[in-house]
Amino acid sequence: MILFNRLRGTHDIFGKDAEVFSRVERAAREIFTAFGFEELRTPIMEEKELFTRAIGAETDVVQKEMYEFEDRSKVRVALRPEGTAGVVRAYLENNFDKTQGLAKFFYLGPMFRSERPQAGRLRQFHQIGVETLGTDNPYADAETIHCLTSFLDKAGAGGYELILNNLGTFEERSRFKEELKKFFTPKKTHLCEDCQLRLLKNVFRILDCKNEFCRKIIRLSPPIDHCLTEASKAHYGVVCSALDSVGIKYEEDPYMVRGLDYYTKTVFEVSHPKLGAQGTLGAGGRYDALIETFGGPKAGAAGFAVGVERLAMCLSGQEEKKETYEKSFFIATLGETALKEGFKLLSSLRAQGLGALMDFSAKSLKSQMRSADKNKSRYVVILGDDELKKNVFVLKNMEDGSQKELPLEDAAGQLLSLRGGA
RNA sequence: GCGGCUAUGGUGUAGUGGUAGCACGAGAGAUUGUGGCUCUCUUAGCACGGGUUCAAAUCCCGUUAGUCGCCCCA
C-alpha cells in the first residue's frame, strides 16, 4: 500500500499526455506571437476579492468552486479559477494602461475549481488564453476570435463549432433581466425545478436550460435585441462582418449566456462533438467594465480561454509513433575500469551535444544490449577489458548490426563526426 | 453539490458463493562479451472498511476513486 495519492480531480501529466501538452503549447506560442500577443505569467494565487469582484459574487464559480484559505498573515487567498482577473490586475499594477495604448497578452497554466470531477472537468486543469486590453474596437473582438480558431486549427482540433451572441452592456443586460423575469414569473410552475431556482438567482441561465419543456417556453421569451442600444448592435454587427470577411464560420445563438459576470457585448463559445457533457472547448468575449471595476481607466477588453485537457481530448490521436532508431549512443561496459572510462565518454559525448545513455548497473552485455535496443539507440559503444588493453572501443550499428573497432583516442570526436555524416 | 454505473498483478482482462487464471509489460536465462524473433523461468493482483455465510473477488452496507448524466464551466 502506498501512502499518498493524488488529490481528487488532479492529474500527473507524463508520457504521451505531456507530449500533447507541449505540442499544444508550441502551437499556442506560434499563433499567439504571430497575432502580437506576449506572454504574461501571473501567480496562481491571488487575493480572493479579486475573483469575487471580477467573476461576480453570485456566480457558482465564486460561491461553490473556489479554493480559498486564509494565509499565515490572515489574508484571504484564492487559487485562481480562471485567468482573466489576474491578467487585468497585472495590466493595471504594472501600468500597462499608462505606458502603452493597447496591451495584448497570452497566458497558460493551471486553474483550480473544486467541482466534482468528470471527463473534461478537473479540479486542477489547464487553460491557454489571450487578452487584449485597452480597446473598444470591435475588430479586437474579431481578432480574438480569429486567434482562437487559428490556434485550434494549428493544434489539430478540427470539427469544432463556434457560437456567437451579443450580451450588451451591463445596463442593457439588467433591463433584459427585468424583461425575462416579467416573462418567466407567470409561467413559473411550468418550468423545471432548476429553472424555478434560476428565476430567483440568475434568470439568464434559464435560457441555457436543456429541459424540453423549458426550451419551448424559452423560445417564446423576448429576445435580448429589444433591450440593446443601436451602439451595441452596431458593435456586434462589425464583429460579425469582420469574421465573415476572413471566412470564419459561426452560428448565432441568442440564448447563449456565460457563467462569468464580467462579459459584455460579444460573447462566444467553441464546442466540440468529441467532448460529451463538458462540451465547451473554449470560450470568451468582451469585458468592457472590468478594468474600471479594478480601479483602472474606462477601457474595454476582450479575450478567450481554452481548456487544454479538453483540447487534448479533441485531438484525434493522429500522432504516429517513431519506430526508427534515434541518432543517439548507448555505452555498454564490462568491468569496473571500463565503467569508469564509459562514464567519462558519456560525459564528453553529451558535452558535444550528442544524445548518450548508459546503464550504470552494467550487468551482462546482453542485458545492456537489450536496454540499448529498448531506448532506440542507434549506436552502441562497447567497452571492455579487451578493448581497454588494445586502447580501442567497439562501435556497433544497431540498425544493420555491423560493428568495428576504433581507437579510444578522441572517441567523442570520432563519434561526433560519425553522427554528422549519418 | 445531486443521481446512475464501475473498481481483479504495472496495463488489459477471465473468473455469479468453494484452490484467482490468461495476455502484454518488467526482470533473468537459453554453453562463458552482443539487441530485435522464439523458448524457459521469475515477478506481481481481488481499491479500502464493515456485514451476511461453514465458505465472499462474487451477496449487502459504508468509504474512496473513476466514469456517465445533471448542475456548472474551460
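The crossing of α6 and α10 is right-handed (a crossing counts as right-handed if the near helix is turned clockwise from the far one by less than a right angle, and as left-handed if anticlockwise). The axes of α6 and helix α10, residues 230-245, come within 8 Å and cross at roughly 40°; axes here are lines fitted to C-alpha atoms, for helices over the stretch in contact, and angles run from 0 to 180 degrees between N-to-C directions. α6 and α10 are therefore oblique to each other, given that angles under 35 degrees count as roughly parallel, over 145 as roughly antiparallel, 65 to 115 as roughly perpendicular and the rest as oblique. On the α6 side, Pro-138, Tyr-139, Asp-141, Ala-142 and Ile-145 meet His-235, Val-238, Val-239, Ala-242 and Leu-243 of α10, where contact requires C-beta atoms, placed from the backbone, to lie within 7 Å. This contact has 8 nonpolar, 1 polar and 1 charged residues; Ala, Val, Leu, Ile, Met, Phe, Trp, Tyr, Cys and Pro count as nonpolar, Asp, Glu, Lys and Arg as charged, and the others, Gly among them, as polar.

A word on the model and its labels is in order. The model is a predicted one, in which local features need pLDDT of at least 70 and side-chain atom pairs count only at pLDDT 80 or more, while totals for chains, interfaces and linings use all residues. Residues are numbered from 1 along each chain as its sequence is written, and chains are lettered from A and ligands numbered from 1 in the order in which they are written. Helices (H or I, at least four residues) and strands (E, at least two) are DSSP runs, numbered from the N terminus.

Helix α1, residues 15-34, packs against α6 at an angle of about 140°, with the two axes 9 Å apart. The pair α1 and α6 is therefore oblique, and α1 passes α6 in a right-handed crossing. From α1, the contact draws on Val-24, Ala-27, Ala-28, Glu-30, Ile-31 and Phe-32, and from α6 on Cys-147, Ser-150, Phe-151, Lys-154 and Ala-155. These residues divide into 8 nonpolar, 1 polar and 2 charged.

An open sheet of 8 strands runs in the order β1-β5-β6-β11-β10-β9-β7-β8, with mixed pairing; two strands pair if DSSP finds at least two bridges between them. At its edges stand β1 (38-39) and β8 (251-252), each with a single partner strand, so one side of each is left without a neighbour in the sheet. Helix α6, residues 138-155, packs on this sheet and touches β6 (124-133), β7, β9 (264-271), β10 (280-286) and β11 (301-307), its direction making about 15° with that of β11.

Strand β7 (residues 161-166) pairs with β8 in the parallel sense over 2 bridges, and with β9 in the antiparallel sense over 6 bridges. Ile-163 has a bridge partner on either strand: Glu-269 in β9 and Glu-251 in β8. Leu-164 has its bridge partner in β8 as well, namely Glu-252.

A further open sheet has 3 strands in the order β2-β4-β3, with antiparallel pairing. Its edge strands, β2 (45-47) and β3 (68-70), each pair on one side only. Neighbouring strands of this sheet are turned by 35° against each other on average, direction ignored. β3 and strand β4 (residues 76-79) are joined by 3 bridges in the antiparallel sense, and Arg-76 in β4 is the bridge partner of Glu-70.

One more helix pair can be described. Helix α2 (residues 48-55) and helix α4 (residues 84-93) pack at about 105°, their axes 9 Å apart, and are therefore roughly perpendicular to each other. Leu-50, Phe-51, Ala-54 and Ile-55 in α2 meet Thr-84, Ala-85 and Arg-89 in α4, a contact with 5 nonpolar, 1 polar and 1 charged residues.

Finally, the RNA. RNA strand B is surrounded by 58 residues, the closest being Ala-119, Gly-259, Ala-277, Gly-307 and Asp-386; a residue is near the strand if its C-beta atom, placed from the backbone, lies within 6 Å of it. By class, this surface has 18 nonpolar, 16 polar and 24 charged residues. Helix α14 (residues 365-374) provides the largest share, 7 residues.

Notes
Two residues are in contact if their C-beta atoms, placed from the backbone, lie within 7 Å.
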